[in-house]
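Hi everyone, thanks for making time this morning. Have a look at it first.

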Amino acid sequence: MPFRDGGYLNRPEFAHYDAEGKEWIIEGYGVDPDIVIDNDPYEEYIGKDAQLEKAIEVIMDELIKNPVEKAPVPPFPDKSK
């Protein structure tokens, strides 16, 4: 399906079986999370995102356990030549 700007839209037209032929491979199932956090709808409505807060907490803990060492600043180039 071409667009006016030269781009295209590709849509799925066929469904596929898995390698064993036991079930259909269908879009819509993502990756299982490492940490399961449920957002409370009311808390999310007032601006509190439990998933985001937990992600920041985990990242901050990882940064404390494994600090990132910055590379030293290289010497300035000699442009007098």
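Predicted model: local features only at pLDDT ≥ 70, side-chain atom pairs only at ≥ 80, totals over all residues.

Residues are numbered from 1 along each chain as its sequence is written, and side-chain values use heavy atoms, with hydrogens and water left out.

Now, the overall picture. The chain has two helices and two strands, and along the sequence they come in the order β-β-α-α. Here helices (H or I, at least four residues) and strands (E, at least two) are DSSP runs, numbered from the N terminus.

How does the radius of gyration compare with that of a compact globule? The chain has 25 Å, whereas a compact globule of 81 residues would be near 12 Å. That radius is taken over C-alpha atoms, and the globule rule is 2.2 Å times the number of residues to the power 0.38. Along its principal axes, the C-alpha trace spans about 65 × 45 × 35 Å. Buried residues are 1% of the 81; buried means under 20% relative accessible area, exposed over 50%, and partly exposed in between, with a 1.4 Å probe and protein chains only.

Let's zoom in on helix 2, residues 50-65. Its 16 residues should span 22 Å at 1.5 Å a residue, and the end C-alpha atoms are 23 Å apart, which agrees. The expected span is 1.5 Å times one less than the number of residues.

Where is the structure's one salt bridge? The side chains of Lys54 and Glu57 form it, at 3.4 Å from N to O. A salt bridge is a side-chain nitrogen of Lys or Arg within 4 Å of a carboxyl oxygen of Asp or Glu. Because Lys54 and Glu57 are three residues apart in helix 2, about one helical turn separates them. Lys54 is partly exposed at 26% relative accessible area, and Glu57 is partly exposed at 40%.

Last stop: Met60, also in helix 2. Met60 is partly exposed, with a relative accessible area of 46%.
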